[in-house]
Amino acid sequence: MTDMASLMEDRAKPGTPKDPRKPVNWDSPDIARRIKKRYGADRRFKMYGLVAILMALAALLTLGTSIVSKGYTAFFHTYVELEIFFDPAEIDPDRTNDPAVIGRANFDGLIKQNLRNHFPDVTGRSELRQLYDVISGGASYDLRTRVMENPSLIGETRKVWLISGDDFDMLNKGFIDAGGEEASRRLSDAQVGWFQRLVADGAVEKQFHKRFFTGGDSREPELAGIWGAAVGSFYTLIITLLLSFPIGVAAAVYLEEFAPRNRFTYLVEVNINNLAAVPSIVFGLLGLEVYLNLMHLPRSAPLVGGLTLALMTLPTIIIASRAAIKAVPPSIRQAALGLGASKVQTVTHHVLPLAMPGILTGTIIGMAQALGETAPLLMIGMVAFIVDVPGGVTDPATVLPVQIYLWADSPERAFVEKTSAAIMVLLGFLILMNGFAVYLRKKFERKW
Amino acid sequence: MSLTFLLLAIALLCALSFFFGRQRAVGLSGGRYSNLHSLPVHYGVYTALWCGLPALFIVMVWYGFQGTIIQALIVADLPDSLTSDPGQLSLALNSIGLLSEGRGAHLAGAAPELIDAGRRLANLKSIASGALVVVMVCGALLGLIFSYRKITKDMRARNNVERIARGLMMICSAIAILSTVGIVFSLMFESLQFFTKISPLDFLFGLEWSPQTAIRADQVASEGAFGMIPLFVGTLLITFIAMCVAVPVGLFSAIYMGEYASPKFRAVAKPALEILAGVPTVVYGFFAALTVAPFIRNQGSLLGLDVSSESALAAGLVMGLMIIPFVSSLSDDVMSQVPQSLRDGSYGLGATKSETIRNVIFPAALPGIVGAVLLAVSRAVGETMIVVMAAGLAANMTANPLQAVTTVTVQIVTLLVGDQEFDSAKTLSAFALGLVLFLVTLGLNVFALKIVKKYREKYD
Amino acid sequence: MAVVTARAMTDGTSAQAPKMAVRKLDLFYGESQALYEVDLDIAEKQVTALIGPSGCGKSTFLRCLNRMNDTIDGVTIKGNVTLDDRDIYDKAIDVVQLRARIGMVFQKPNPFPKSIYDNVAYGPRIHGLVNSRDELDEVVMTSLEKAGLIKEVKDRMAEPATGLSGGQQQRLCIARAVAVSPEVILMDEPCSALDPIATAKVEELIDELRSNYTIVIVTHSMQQAARVSQRTAFFHLGKLVEVGDTDQIFTNPKDERTKGYITGRFG
């Protein structure tokens, strides 16, 4: 920049400046060309932005369609209609009609017997075992409840819809290619043949799969349901809410309204901001070490899950509540204080009610996050295989996202649709919660 | 004696105390409440607090230590042959636990000392819960009597109540500190155990990771290898891929939303983008493993490339998708804070929109954007479910996005899901990894928040 | 684009054809009207001052002259504004080019968070007015010189402009506007954020710039209008009440409202 310096020397001399430049001819073709180019660049830049958004939305759409297209079939399941002779000799030889006696009866054998009757040409042991796969092992439980509710069935012959095995369900839904090589599919040619005979008889039908919503987990895809996980999620969220909401709101009120500007307050604020960004799995390690190893609380329990998630949700609730409290104009506080209300009264009578919609919105969003959280719960053992629906906060349980993780890991083809369907249910809950939060925000939106 | 019952009992006691306290104040006032210093309600709340808080405190402390103390008592009575080996001990304790709850039918043939201990455990547990009720009720009654007798006409019940409320609120906000302390201590405690077995240098700079220790000591590789560099490389590779997706897409989305989009378009597209942030990570993991990974593999094989079915690319792409709204909303915030006067200055000189954005707004917002990207990196490093479901387990040291790599979080999950043995380096190493993860993300966050904060101050 | 050379004599008070002319200008913010049928001529190489009580629409009017209101949502405009007899709201007119020809200086100094040099060089760069680094140096120097800032900043060209004092920042903004070699410079209360000494310098500068540029200045200070302008327009409640030579407006206003304002009865 040496010439620059000399240039400056010249310029620094006093005297009225003259413009050495010719005036710009704004209508010259040069300028016109340049402006055209600049507008081109502008359009391109705008397009990059639009493309970016469209790409993100397209990815979202792909995600949605891939899950819905894989999962919608899970809400219906293949049932097979079979003529069942409710053999008194098998079920209740002494005609006691005692539920305890009926409960002990071998309904599994009954179904197998009737299957053999339906396919009299099947004889070999291994062939028969293949035949039995047509009907799910869970069908016997359905039959048992049916007879227990209605003992008059004993001795009758009825056509009954029985739940099919998962592989035949997949075959019926077209996920298993009936025409392909025998070795490349899970069903033998003979099994496909029997099933096609049943189809030809009109004895195969897809029915609404209630069990998916009411059942607990199972190793058999056709028997697995999300109710156990949903209840586990419910208990976990209740614990999370009961802990994080009062504590979070109290902390926010303290920090916003009472806390003096000192090192303690500063420390709390720094900690809240950092906790909000700590990876969730680290909270899982904390839960494992403190709640399980140190306090010996029960493993896999919603109580521990809720305690862990409460710590994670706390920063979200505190930050949202502080924002809501801050938005209440100081004039309202001054008015209350001016009437002789104490600080606590001002806060409880005026500030909190006015901030409540905002606080609730933040809480619901925090709860939605907690509902979708998986990683920390893996650490505290909520990943166990649990068939029973939990009856309390200390029973072993799993939650919806962990159930999704477990099913996604299962090798059976039928679990793919179960997983997708469970995701649809989970997303449904999340949409409901977030929708409610948006509704609250819209309804109570206030311009001060 | 369930926790629910105890809490209900405390609530009932509180209600009773409230009633007593209020009655006494009303009685003292002689019918005119203005004779009292505070409203009768305040006296009621005062006694209720004095009754409920000690009881609650007792229950919490009891639950915190009961398990540890009872276990110590049981262990003390077990024969040395069982307690000397930690593995055996935990097995024995498990059996004892089952026996005490009457669920140990399959353990009928267990050693007599175990059955004995099981019975003792059941006994201790019932004693403990009985004692808890007695102690809790005593505490509550003492509090009630103490506060009841303190009530006079001139007692400043409201001020007392408010002081207690303020203290409680302070304790609530201190929980934020306690969580951090809890995290640091639980990670440090187990990590230090780990470092007595494996040298920290080997852990931090070792190039091989294979934590599967053999069951028998004479098997090959019975020691396992705990070098975390391969995990770190894998984490960085996937994070890098994620950032390659999230930063440009997020940034350009934010620019378009903030500067170009019509209000109508924004009203639709912005919430739609935010949906991406609300989708649970386990869903992304499923998407990555079942849709994206096979797609990439098929495309790769069409091109003659050998793509692993658990490629880093699939996990990274989907993670990037997850982080897009994070980057876009943070940088949108930052760019909208650039004052209008700067835009006016640029438009007033005849700059086009893109020139203004590129030459004025973006440079002015750059520090804030860097902070946002750092926060996003920390998010990606700590993300667990996507990589658990879509990335591999083998600790390969590679920069090839088509191969399988593993990450720190994947290893933590793998090591801790299933059997945990808190005496083996294998289980403990998860905590050491957790500590490293915590420190790295903490560092990134502190640094990023500092930048963003400084930036905010500049334009406030 | 055909160049229209015919110049009509539209205003009797000015010997020369006006540089800019405004006819029947109405402006609406959404539903509410902010300007009513404003007619005004702006003479070349003169300083025209717009005065009036706050909220009278003078700043809004100024922003119509280089279409800065385009950046605000919900603003609609009726009537026409011409520059050298060409309607600037015409579809064929390019707003980017227009703003290069009609520069603007804002109320609060708004230097970009870049170096002093880059601030001044910004305009010539984006419009491609220079072909070499030397030429750009020359333009920057000349502009800073015209803004009377060269002595103060010649040793700190690479330093951030935000480090300058308020008055220096405002003169830098003027230099930045001048660097594009505009024909008209609009100034929106350029001294309202400055102390009296800085104000005096900027006023002096405006007087010097008059020899090369047409200047329109909005000011809330009647003394300033009297000091720097040749013509003055008085706005009240969105209407142009009176316009004339500055001397005449201040010594012998025709309208009662003008008289009331300049004698300080309301404002």
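Reader: How many helices and strands does the secondary structure of chain C come to?
Author: In this predicted model, the C-alpha atoms of chain C fill a box of roughly 55 × 45 × 40 Å along the principal axes. The secondary structure of chain C comes to 10 helices and 10 strands.

Reader: Which radius of gyration does chain C have, and why does it agree with that of a compact globule?
Author: A compact globule with 267 residues would have a radius of gyration near 18 Å. Because the value for chain C agrees with that expectation, the answer is 18 Å.

Reader: What share of the residues of chain C count as buried?
Author: A residue counts as buried when its relative accessible area is under 20%. Applied to the 267 residues of chain C, that cut-off gives a buried share of 59%.

Reader: Which residues of chain B lose the most area to chain C?
Author: In the interface, 17 residues of chain B are in contact with 22 residues of chain C, and the area buried between the two chains is about 1,500 Å², with carbon and sulfur atoms giving 64% of that area. Three residues together account for 36% of what the chain B side buries, and they are B:Asp344, B:Gly348 and B:Leu349.

Methods
Residues are numbered from 1 along each chain as its sequence is written. Chains are lettered from A and ligands numbered from 1 in the order in which they are written. This is a predicted model: local features need pLDDT of at least 70, side-chain atom pairs count only at pLDDT 80 or more; totals for chains, interfaces and linings use all residues. Side-chain values use heavy atoms; hydrogens and water are left out. Helices (H or I, at least four residues) and strands (E, at least two) are DSSP runs, numbered from the N terminus. The radius of gyration is taken over C-alpha atoms; the globule rule is 2.2 Å times the number of residues to the power 0.38. Buried means under 20% relative accessible area, exposed over 50%, partly exposed in between (1.4 Å probe, protein chains only). Contact means heavy atoms within 4.5 Å. Buried area is the accessible area (1.4 Å probe) that two parts lose on being put together, summed over both.
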